[in-house]
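Here are my notes on the model, point by point. Please read them with the structure open.

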Amino acid sequence: MLPASTGNLSTSLRNFYANNYKIKGRIPNDVGNLSSLLDIDLPGNNLVGLIPTSIGNLRDLQRFNLSSNKFTGFIGDLICKLQHLGDIYLGQNQISGSLPNCLGNITSLREIHLGSNKLSSNIPPSLGNLQDLVVLHLSSNNMVRNWKSKVCNKDGSIDESILK
């Protein structure tokens, strides 16, 4: 289990790795106090509940990997506060709702992995603003495909397999 509080963890912690440790429970909201955190890597555990809104306080976060857990709820605009974020890995959870339109404002994004969730609605056209985006993985969701002209490779092509 994760500790109920991050009080014992230093605010100078830069990387938090716990891959496939079978950790159970929720991420405490205190995680937002780890102001120097650059990388959260917690895939393949049994983490549940909502992604804490305090994640939005981690202004220097560059990599966010919570894939292969049991998170529910919405992504929400909290992710858009992470202006240095390069990679988002939230695939293989039970996240629902739509992608926030402000996601297209995180110009440092290179990889977005959100496959195998319960996402629905339109894909925000603002994702077309992401000049450095090299991976957009949205397969096994219920996304609407009316965005081809807005999100494409620099040569104008797109791999439609991301929306299976």
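1. Two strands count as paired if DSSP finds at least two bridges between them. Strands themselves are DSSP runs of E, at least two residues long, and helices are runs of H or I of at least four; both are numbered from the N terminus. With that in hand, take the open sheet of 6 strands ordered S2-S4-S6-S8-S10-S12, where the pairing is parallel. Strand S2 (24-25) and strand S12 (142-144) are its edges; each has a single partner strand, so one side of each lacks a neighbour in the sheet.

2. A word on the source. This is a predicted model, in which local features need pLDDT of at least 70 and side-chain atom pairs count only at pLDDT 80 or more, while totals for chains, interfaces and linings use all residues. Residues are numbered from 1 along each chain as its sequence is written, and side-chain values use heavy atoms, with hydrogens and water left out.

3. The chain has 12 strands and 0 helices. Read from the N terminus, the elements run β-β-β-β-β-β-β-β-β-β-β-β.

4. Look inside the sheet from point 1. Strand S8 (residues 94-97) and strand S10 (residues 118-122) run parallel, joined by 2 bridges. Ser96 stands opposite Lys118 in S10.

5. Another open sheet has 6 strands, in the order S1-S3-S5-S7-S9-S11, again with parallel pairing. From one strand to the next the twist averages 10 degrees. Angles run from 0 to 180 degrees between N-to-C directions, with axes fitted to C-alpha atoms.

6. In that sheet, 3 bridges join strand S5 (residues 63-65) to strand S7 (residues 87-89), and the two run parallel. Phe64 faces Ile88 in S7.

7. Where does His137 sit? It belongs to strand S11 (residues 135-137). His137 is partly exposed, at 31% relative accessible area; partly exposed lies between buried (under 20%) and exposed (over 50%), using a 1.4 Å probe and protein chains only. Leaving out residues up to four places away in sequence, His137 touches Ile112, His113, Leu114 and Gly115; contact means heavy atoms within 4.5 Å. Glu111 is 26 residues from His137 in sequence, and their C-alpha atoms are 8.2 Å apart.

8. Chain totals to finish. Of the 164 residues, 47% count as buried. Among contacts with a separation of 6 or more, 46% come from residues 24 or more positions apart.
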